[in-house]
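I opened this one to look up how its parts pair and touch. Here are my notes, in the order I made them.

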Amino acid sequence: MDVQRYISSGIIESHAAGLVSESEAREVEAAIMQYPEVKAAADAVRVDMERYVQIWAVKPPAGLRKQLMERLNEKEEEVTVPVQEEAVEEEEEPRSLMPQIPVLKMWQYGAAAAILLLIISSIMNFVFVSRIDEYKNKNTKLSEEQEALSVEKNAFSERYQQAQKEMDMMKDPAFKWVKMQGVNKHTGIVATVCWNPQSKETFILAQELPATSEDKQYQLWAIVNGHPIDAGVFELGNMTKSLQKVKPVVNAQVFVVTLEKKGGSITPSLDQMFVAGKVAS
Amino acid sequence: MGTALTYTEAELVLGLKSRSEKHFGYLYDHYSPALFGVALKVINDETIAGDVLQEIFLKIWRSIERYDIDKGRLFTWMVNIARNTAIDTLRSKAYKQGLKIQELGSAIAMEQFVVHLAVDHLGLTKVIEQLNKEQRIIIDLAYYKGCTQEEISKILDIPLGTVKTRMRNAIIQLRTILKQL
């Protein structure tokens, strides 16, 4: 064996650090026995590891020593105690068994015991029946609560998926974000269109549009060469906080939002234009 | 601590083998910081490490009969008991919590391996910081976390074949640093 090569292979260090397999460990131990150079190297590494261990020495909590010393004693006592107990029981048992009782008395005791058992049993029945009702109520209540929780969970999960979708869109460079500013007398309001010219997918974020009356709804239009193309109506309320999907848009130079009758119109009422934004080319 | 007596290693072993609690107390006083350090490095939790330290000393007390002074130093034998006991606890705890060994590789876990000393006793922190992080991690993963070569190769993202040579380099570096002390 090439001892120098063996030493520089790193196996001795790996052995000292507990890194080698069992068969490798046996091999190293055999080499240590056989070659003094290997033994010297292994001893040196062992000393290194011991000093490394000493570096990290930390004084243990103060109470530990006492606890430990008590546990040493406990173990020794435990071994002797159970043996004694068993011996005592065996001696005492025969004495307490079967005192001399006349036959008649036995019968009376038996009847009394039977009646007693019957009474106890009736009481127990009553107790358990009332408990069953209680459990039934509890059970119904719990399943109701569980249902409510599950509804809540679904709502959260939807919200989460929605948020995730919005995040994905923000990251997707194919999406164009078109900010629509208020026009005419509607300055200060704003809505944003998020449009993917490749997939035609279109979303609207109604950040700040004034509330509408019951019979009216906002409608999005894509304007191409002066011709408005319907992109669908959308909601306000809770939905203003998230992106709402509208109709797919094939082409658009400008996006505008108008206020229309509920359900939308075929042509936009241009005097009811609220916001408009140019698509960056 | 209490006793001004000192024993040679042979006397200590002999006393322990004859179940002398006085010798055991002496053993505890002299070796518990080192062994507690081992448990703490493995477990990273002072309370659990304290429980483990008790187990370690009970094991030493119960298996001292099997210790053979010709086969190696008492300290080496005890450190190995300490490591094995602590690593067993770590593995069983990790197992119960459903942790996979791969998770040891996460960046957060990596940071945990580089345990910083609470007290800069003997001013060693600075010295030990001369070991670069990867060298410290390879020693700690093997010695204190009981990782296999395959696991270390995965965690440090180095080829399996170079784990042993990396270990050698790490310990050579450790030796150079220890010489300065």
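Over how many bridges do strand β1 and strand β8 of chain A pair? I found 2 bridges between β1 (residues 176-182) and β8 (residues 273-278) of chain A, in the antiparallel sense. One bridge partner I noted is V275(A) in β8(A), for G182(A).

A note on provenance before going on. This is a predicted model, where local features need pLDDT of at least 70 and side-chain atom pairs count only at pLDDT 80 or more, while totals for chains, interfaces and linings use all residues. Residues are numbered from 1 along each chain as its sequence is written, and chains are lettered from A and ligands numbered from 1 in the order in which they are written.

Entry: the sheet. I traced an open sheet of 8 strands in chain A with antiparallel pairing, in the order β5-β4-β7-β8-β1-β2-β3-β6. Its edge strands are β5 (227-234) and β6 (244-245) of chain A, each of which pairs on one side only. For my own record, strands (E, at least two residues) and helices (H or I, at least four) are DSSP runs numbered from the N terminus, and two strands pair if DSSP finds at least two bridges between them.

Entry: around β7(A). I looked up β4 (residues 216-224) of chain A and found 8 bridges to β7 (residues 254-261) of chain A, running antiparallel. Q217(A) stands opposite E260(A) there. β7(A) also runs antiparallel to β8(A), with 5 bridges joining them, and V254(A) stands opposite K278(A) in β8(A).

Entry: chain B. Of its 181 residues, 31% count as buried (20 or more other C-beta atoms within 10 Å of the residue's own, with C-beta atoms placed from the backbone). I also checked contacts (C-beta atoms within 7 Å): among those in chain B between residues at least 6 apart in sequence, 58% join residues at least 24 apart.

Entry: where the chains meet. 37 residues of chain B are in contact with 31 residues of chain A. On the chain B side, α2 (21-43), α3 (46-63), α4 (74-96), α6 (124-128), α7 (133-143) and α9 (163-179) each give two or more residues. The largest share, 12 residues, comes from α2(B). By class, I noted 22 nonpolar (Ala, Val, Leu, Ile, Met, Phe, Trp, Tyr, Cys and Pro), 6 charged (Asp, Glu, Lys and Arg) and 9 polar residues (the others, Gly among them) on that side of chain B.

Key:
Buried ≥ 20, exposed ≤ 12 C-beta atoms within 10 Å, placed from the backbone. Contact = placed C-beta atoms within 7 Å.
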